[in-house]
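Hi,

Here's the structure I promised to send over. Have a look at it first, and then read my notes below.

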Amino acid sequence: TNLVGTSNADFASGDPVMYQLDITLRRGQNLAARDRGGTSDPYVKFKLGGKEVFRSKTIHKNLNPVWEEKACIFIDNPREPLYIKVFDYDFGLQDDFIGSAFLDLTSLELNRQTDVTLSLKDPHYPDHDLGSIFLSVLLAPREEQREVTMLMRKSWKRSSKVTFNNEVLPNIPSRTGNSWHRTCSPSNCVLMTLFCVSSNQNHETFQTQSLRLSDLHRKSQLWRGIVSVTLIEGRELKAMDANGLSDPYVKFRLGHQKYKSKIVPKTLNPQWREQFDFHLYEERGGIIDITVWDKDAGKKDDFIGRCQVDLSTLSKEQTHKLEMPLEEGEGCLVLLVTLTASAAVTISDLSVSSLEDQKEREEILKRYSLMTIFHNMKDVGFLQVKVIRAEALMAADVTGKDSFSKSDPFCVVELNNDRLLTHTVYKNLNPEWNKIFTFNIKDIHSVLEVTVYDEDRDRSADFLGKVAIPLLSIQNGEQKAYVLKNKQLTGPTKGVIYLEIDVIFNAVKASIRTLMPKEQKYIEEENRLSKQLLLRNFIRMKRCVMVLINAAYYISSCFDWDSPPRSLAAFLLFLFVVWNFELYMIPLALLLLLAWNYFLIISGKDNRQHDTVVEDMLEDEEEEDDRDDKDSEKKGFMNRLYAIQEVCVSVQNILDEVASFGERIKNTFNWTVPFLSWLAIVALSVFTIILYFVPLRYIVLVWGINKFTKKLRSPYAIDNNELLDFLSRVPSDVQVV
């Protein structure tokens, strides 16, 4: 931290004050060269509290740039230093880091402009001279902010809260309370309280509203059945392309639940064989809207036709084969629809806990015991989540100062496509919910997501923080405080949430489900082109490829006898293995590799390294997402290159798939998820024994017969690859971070 002298600034501790920091970015001197020509293209980032608050323009090919740019930053905590980072801009590549420095705001004298010289440093190379940055700074309290705050205090003392019986939309809570309107003139800013009632009346109304909200949330969230839809095929669809064919895909919608099938290129009789599960609510419409589209690169997709499935006409606990003719188009869709009654999710108060009742707990343990392996294979386990309270949440309402520095927090608990909400606790940064949520587990590799929002009457809820907890990492019965993170889960935000979680599952069912396709989530936002994401996936794939290249170099060095003892050992091992090779040795070698890494871990010699490279890339990607959100409404160059963007997004996703595949294989043997590594040990042991005792020709014969007769035995079976389904449960390096 660069101190600029002794300060006489008296920063208020009891009465929060908003400060204004005026910065003039003057110039840089003797900056480090990062380009091949011995120069750089420098620009400067200012960060406060982990968030970028200003970015300068780029000065090309100059180690002594002159910016003369001004920035105004509002600060509510002057004890938090200003972080300054200088980068070298590289078109199409990751920008090179030049250096960074900290500015201690408490060292500044209030209401006085100060010239500051900051020496740039690199934490990895503290002795290197990376140049200097020259600034002029002026820190001053905002007097008009103090006047507004005091006026709001006085108004609050003379008023209290009023509530109205507004209708609340399912899953989108509506906030009722004080309406604050601000009338501003150049000279002053007046706050008016529009609704006032007595405090006693407010208390009674608030209690009534809390009960009403609680009941309404329960009615709108709980589902009592599952609709399983298998999309088999399409027949004689309408040709939409010039070649007389189409690239069809299907969209499903039931209430707020949406799914989208894969695209089958160049056909009028597509074969999909995909399954989608919907939740059936008691008071929701039971009609599934189905639309068929033709995918067109570079322009709007063509509409082929639509149909509807009225669930009220179908009997439950029975599979119906439906041939649905398309309206406003040609052809038909073939579907299998099954309605299953279920009571998979519940909401209750903290005093009503299934696991604390001894009889209910024994019933749950019996339901998931080893004796019930073949009963309801989709019901893998039971999850109970106690959402107790949160502390020190971010203030989202009004100015964020004084007694008005509050939020109206509620909590969303999600497991795959199951989504439940708590009630809202109004005007509180330390809310207590004391609610219990229960879920049926369909995949033990699922991740429980708990998100805290601030309820807002006039717009969508504000994000306050989020935690993601893999079910396999949960320790039963422990009340834990989880630090809330940002939307991308790459860094902490303000506040903690207290949860107590219990997981009971059948390990055999969970193992079998691991070899089946993952549950697909509802349609999420479309992928968009991101330079940082493209670069990140390229680097990840490069790291996987480099492992193979390094292994090839190692083998080549053995052939070249660079190290005679090592080459001699490799030669003798080669002779022994080739002379005695049997097929069972392949899974045996993988088994030994798993065992070796496991013993390294338990002996304290863990060779897994914390991936700081991926963390840095994720942080840069998050900053780019923030900038993209602000510019999303501006039409520019990317809109005119829509087709190119689609190709780039496809390449970006392919890089992600390839990199993830290699990382998942590595993480299986690195014991990143011990459950999966143990499962791999069991499977490899079985394969080793089978290959040892059973001749290979019989194994190939059984495999071929199974493949050739599979469609005859089950015409509507969904194709899957057990090995790929297993690897899909193993997290990639990005998911681990």
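Starting with the charged side of things: Asp357, Glu360, Glu362 and Glu363 form a negative surface patch. Bear in mind that this is a predicted model. Glu360 has a relative accessible area of 36%, so it counts as partly exposed.

Now for a charged residue in another setting. Lys386 belongs to strand S20, residues 381-391. Is Lys386 buried or exposed? Its relative accessibility is 5%, and because buried means under 20%, Lys386 counts as buried. What is Lys386 in contact with, once you leave aside its neighbours within four places in sequence? The list is Leu350, Ser353 and Glu356, then Lys435 and Ile436, and finally Tyr498, Leu499 and Glu500.

The other thing to look at is a nonpolar surface patch of about 940 Å². It is made by Leu573, Phe576, Val577, Phe581, Leu583, Ile586, Leu590, Leu696, Val700 and Trp703. Which elements give two or more residues to this nonpolar patch? They are helix H6 (564-580), helix H7 (585-602) and helix H12 (696-713). With a relative accessible area of 53%, Leu573 is exposed, since the cut-off for exposed is over 50%.

That's what I have for now.

Cheers

Methods. Residues are numbered from 1 along each chain as its sequence is written. This is a predicted model: local features need pLDDT of at least 70, side-chain atom pairs count only at pLDDT 80 or more; totals for chains, interfaces and linings use all residues. Side-chain values use heavy atoms; hydrogens and water are left out. Patches are made of residues with over 30% relative accessible area and no salt bridge: like charges are joined within 9 Å, nonpolar side chains (Val, Leu, Ile, Met, Phe, Trp, Tyr) within 5 Å. Accessible areas come from the Shrake-Rupley method with a 1.4 Å probe; for residues, only the protein chains shown count as cover. A salt bridge is a side-chain nitrogen of Lys or Arg within 4 Å of a carboxyl oxygen of Asp or Glu. Lys and Arg count as positive and Asp and Glu as negative; His and the chain ends are not counted. The place of a charge is taken as NZ of Lys, CZ of Arg, CG of Asp or CD of Glu. Buried means under 20% relative accessible area, exposed over 50%, partly exposed in between (1.4 Å probe, protein chains only). Helices (H or I, at least four residues) and strands (E, at least two) are DSSP runs, numbered from the N terminus. Contact means heavy atoms within 4.5 Å.
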